[in-house]
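Hi,

Here is the structure I said I would pass on. Have a look at it first, and then read my notes below.

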Amino acid sequence: MSSATAGTPRSDGGEVVGSVAAVWRYPVKSMQGSTVEAIEVTGSGVTGDRTVALVDAVTGRIASAKRFGRILEATGADDAVTLPDGTIVALGAADAAERLSAWLG
């Protein structure tokens with residue numbers, strides 16, 4: 001990545017208009033994400049971003065932070081959720097739904 005600053009001319013005749021300080025990815029909808037070194041952007045968006053969501057078993061709808069505000073306190077990864085107390089819930093675990101439901105109340 002170039003360290004050019006805004007306003008610096010580029011070799012292709014364009015001009016640098018800004019720089020990227022950090023890249024974040026959010027694998028689980030409405031949860032905190034993490035910084036990554038690089039991302040792949042496709043026509044569908046950022047690969048691996050918001051590819052997982054919690055589903056409300058009662059309504060069948062995707063659980064959002066609007067209804068379950070505590071979701072914002074957890075950190076999502078591709079294969080696990082880290083709860084605020086540091087507990088890690090593997091998304092593929094047989095008891096994942098039960099543990100996340102108990103945490104959300």
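**What I found**

The accessible surface of the chain comes to about 7,200 Å², and 53% of that area belongs to carbon and sulfur atoms. Before you go further, bear in mind that this is a predicted model.

Let's start with the overall build. The chain holds 1 helix and 7 strands, and read from the N terminus the order is β-β-β-β-β-β-β-α. The radius of gyration is 18 Å, well over the 13 Å that the globule rule gives for 105 residues, so the chain is more spread out than a compact globule. Along the principal axes, the C-alpha atoms fill a box of roughly 55 × 30 × 25 Å. Of the 105 residues, 25% are buried. As for how the chain meets itself, take the contacts between residues at least 6 apart in sequence: 33% of them join residues at least 24 apart.

Now the charges. There are 9 positive and 12 negative side chains, and the centres of these two sets lie 9 Å apart. Side chains of opposite charge can pair when their charged atoms come close. How many salt bridges does a search of the whole structure find? The search turns up 4, and I'll go through some of them here.

One of them joins Arg 25 and Asp 78, with the closest N and O atoms 3.0 Å apart. Arg 25 sits in strand E1 (residues 23-25), while Asp 78 is in the loop between strand E5 (75-76) and strand E6 (80-82), so this pair ties together parts that are 53 residues apart in sequence. Are the two partners buried or exposed? Arg 25 has a relative accessibility of 15%, which is under the 20% cut-off, so Arg 25 counts as buried. Asp 78, at 48%, counts as partly exposed.

Two further salt bridges are worth a look in the viewer. Asp 49 and Arg 50 meet through their side chains at 2.6 Å, N to O. Arg 70 and Glu 73 do likewise at 3.7 Å, N to O. In that last pair, Arg 70 is partly exposed at 36% relative accessibility, and Glu 73 is partly exposed too, with a relative accessible area of 38%.

Next, the loop between E1 and E2, where I picked out two residues. Pro 27 is placed in this loop, and with a relative accessible area of 2% Pro 27 is buried. What does Pro 27 touch, not counting residues up to four places away in sequence? The list is Gly 48, Arg 50, Thr 51, Val 52, Gly 76, Ala 77 and Asp 78. For a sense of distance, Pro 27 and Val 46 are 19 residues apart in sequence and 9.9 Å apart in space, C-alpha to C-alpha.

The other residue is Ser 30, also found in the loop between E1 and strand E2 (34-36). Ser 30 is buried, with a relative accessible area of 18%. Leaving aside neighbours within four places in sequence, Ser 30 is in contact with Ser 64, Ala 65, Ile 71 and Leu 72.

Cheers

Key
Residues are numbered from 1 along each chain as its sequence is written. This is a predicted model: local features need pLDDT of at least 70, side-chain atom pairs count only at pLDDT 80 or more; totals for chains, interfaces and linings use all residues. Side-chain values use heavy atoms; hydrogens and water are left out. Helices (H or I, at least four residues) and strands (E, at least two) are DSSP runs, numbered from the N terminus. Buried means under 20% relative accessible area, exposed over 50%, partly exposed in between (1.4 Å probe, protein chains only). Contact means heavy atoms within 4.5 Å. The radius of gyration is taken over C-alpha atoms; the globule rule is 2.2 Å times the number of residues to the power 0.38. Accessible areas come from the Shrake-Rupley method with a 1.4 Å probe; for residues, only the protein chains shown count as cover. Lys and Arg count as positive and Asp and Glu as negative; His and the chain ends are not counted. The place of a charge is taken as NZ of Lys, CZ of Arg, CG of Asp or CD of Glu.
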